[in-house]
Amino acid sequence: QVQLVESGGGLVQPGGSLRLSCAASGSIFSISAMGWYRKAPGNERELVATITSGGSTNYVDSVKGRFTISRDNAKNTVYLQMNNLKPEDTAVYYCNAWVKVAMALQYYNYWGQGTQVTVSS
């Protein structure tokens with residue numbers, strides 16, 4: 001099986017920075033797209049950023065210019081550098097990945113357990 005484990009969340013003041021990490025482990029043959037989603041209380045889960053295996057990125061408009069997604073394919077890890085954080089960025093952040101496990105014919109979608117990010121003074 002495959003596990004996605006996030007780290008790096010916490011409490012930060014407005015204008016501050018955090019870096020989230022998500023490491024995939026298990027019987028992984030390859031990983032295609034990876035991404036970060038978030039869910040704030042009372043809101044639907046929303047896409048924050050995605051990155052393909054080739055490094056192409058996509059961001060929700062509200063984080064463009066502030067957040068940067070990157071990945072280390074050798075470590076099966078995706079990162080989210082979050083700068084100039086705002087109170088409205090407060091949410092549980094979830095890692096997502098499309099993974100092909102050994103002997104599988106297709107990619108399957110996996111989620112991490114989530115990490116809390118709180119932006120408050």
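## Strand pairing and a salt-bridge network

Student: Where is Ile28, and what does Ile28 touch beyond residues up to four places away in sequence?
Tutor: This is a predicted model. In it, Ile28 belongs to strand 4, which covers residues 28-39. Leaving out residues up to four places away in sequence, Ile28 touches Val2, Asn76, Val99, Lys100 and Val101.

Student: How far apart are Ile28 and Ala102, in sequence and in space?
Tutor: They are 74 residues apart in sequence, while their C-alpha atoms are 5.9 Å apart in space.

Student: Which way do strand 4 and strand 9 pair, and over how many bridges?
Tutor: Strand 4 pairs with strand 9 (residues 91-101) in the antiparallel sense, over nine bridges.

Student: What sits between strand 4 and strand 5?
Tutor: The two strands form a hairpin, with six residues between them. Gly42 is in the turn and has a positive phi of about 85°.

Student: Switching to the open sheet: what is the strand order?
Tutor: Four strands make up that open sheet, in the order 1-3-8-7, with antiparallel pairing. Strand 1 (2-7) and strand 7 (67-72) are the edge strands, each pairing on one side only. From one strand to the next, the twist averages 15°.

Student: How many bridges join strand 7 and strand 8?
Tutor: Six, in the antiparallel sense; strand 8 covers residues 77-82. Among the partners, Thr68 is bridged to Gln81 in strand 8.

Student: Now side chains. How many salt bridges are there?
Tutor: The structure holds four. One of them joins Glu46 and Arg38, with an N to O distance of 2.6 Å.

Student: Which other salt bridge does Arg38 make, and at what N to O distance?
Tutor: The side chain of Arg38 also meets that of Asp89, at 3.0 Å, N to O. Arg38 lies in strand 4 and Asp89 in the loop between strand 8 and strand 9, so this pair ties together parts that are 51 residues apart in sequence.

Student: Is Asp89 buried or exposed?
Tutor: Asp89 is buried, with a relative accessible area of 1%.

Student: What does Arg66 pair with?
Tutor: Arg66 forms a salt bridge with Asp89, and the closest N and O atoms are 2.7 Å apart. Arg66 is in the loop between strand 6 (57-59) and strand 7, and Asp89 is in the loop between strand 8 and strand 9, so the parts tied together here are 23 residues apart in sequence. Arg66 is buried as well, with a relative accessible area of 9%.

Student: Which residues end up in one network, then?
Tutor: Arg38, Glu46, Arg66 and Asp89, joined by salt bridges that share partners. Arg38 bonds to Glu46 and to Asp89, and Asp89 in turn to Arg66.

How values were computed:
Residues numbered from 1 in each chain as written. Predicted model: local features only at pLDDT ≥ 70, side-chain atom pairs only at ≥ 80, totals over all residues. Heavy atoms only, no water. Contact = heavy atoms within 4.5 Å. Pairing = 2+ DSSP bridges. Axes fitted to C-alpha atoms, helices over the stretch in contact; angles between N-to-C directions. Buried < 20%, exposed > 50% of the residue type's maximum accessible area, 1.4 Å probe, protein only.
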